[in-house]
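I opened this notebook to keep track of what I looked up about charged side chains. The entries follow the order in which I went through them.

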Amino acid sequence: MSRQSKRMRRKKRRVYAEQDGQCHYCDCDMLLTSGKWLSYLPPTFATWEHLDDKYSPHRGTAPKGSGRRVVLACHQCNHARGRRRQAEARRESHGTKSTH
C-alpha cells in the first residue's frame, strides 16, 4: 500500500471522528470502510465531499482561516449534490439560472 493511500485513510478516520461519524448534510450514521470489496456503495458509505466542487468559482483558491475544503458525506447525499450541481452548471451555461 502506498504512503499516500495510508495518509488518506488516516485523514478520513480523523475527519470521521471529528464529525462523530455523521454525514455533513443529513446527519445519518455513516459506514467507514475501505469499500474495495464492495460491488456497490451503500447509501450510508462515507465519501469525500469537496465543498468547492469543480463548478465552484472559488476552486483552487486558498481557504480563509482554518476553513476545510473537504468533509465526509454519505454516498447518497454526495451523489445527489453532484447531480444537482451538474444540472445547475448546464442551465447556467445556457443562460438560464435556477431559482432555488
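How many residues apart in helix H1 are Glu 18 and Arg 14, and about how many helical turns separate them? I am working with a predicted model, and in it I find the two four residues apart in helix H1, which means a separation of about one helical turn. I noted that Glu 18 forms a salt bridge with Arg 14, with the closest N and O atoms 3.5 Å apart. Glu 18 is partly exposed at a relative accessible area of 45%, and Arg 14 counts as partly exposed at 44%.

I then searched the whole structure for salt bridges and got two. Glu 49 counts as buried at 4% relative accessibility, and Arg 81 is buried with a relative accessible area of 16%.

Next I looked up Lys 12, which is found in helix H1. Lys 12 is buried yet has no salt bridge, and the nearest side chain of opposite charge, Glu 49, is 12 Å away. What I did find is a polar atom of the Lys 12 side chain 3.0 Å from the backbone oxygen of Ala 46.

Last, I noted a surface patch of positive charge, in which Arg 3, Lys 6, Arg 7, Arg 9, Arg 10 and Arg 13 gather. Lys 6, found in helix H1, counts as partly exposed at 40% relative accessibility.

Note on methods: Residues are numbered from 1 along each chain as its sequence is written. This is a predicted model: local features need pLDDT of at least 70, side-chain atom pairs count only at pLDDT 80 or more; totals for chains, interfaces and linings use all residues. Side-chain values use heavy atoms; hydrogens and water are left out. Patches are made of residues with over 30% relative accessible area and no salt bridge: like charges are joined within 9 Å, nonpolar side chains (Val, Leu, Ile, Met, Phe, Trp, Tyr) within 5 Å. Accessible areas come from the Shrake-Rupley method with a 1.4 Å probe; for residues, only the protein chains shown count as cover. A salt bridge is a side-chain nitrogen of Lys or Arg within 4 Å of a carboxyl oxygen of Asp or Glu. Lys and Arg count as positive and Asp and Glu as negative; His and the chain ends are not counted. The place of a charge is taken as NZ of Lys, CZ of Arg, CG of Asp or CD of Glu. Buried means under 20% relative accessible area, exposed over 50%, partly exposed in between (1.4 Å probe, protein chains only). A polar contact is a pair of N or O atoms within 3.5 Å; within protein, one must be able to donate a hydrogen and the other to accept it, and residues adjacent in sequence count only if both atoms are side-chain atoms.
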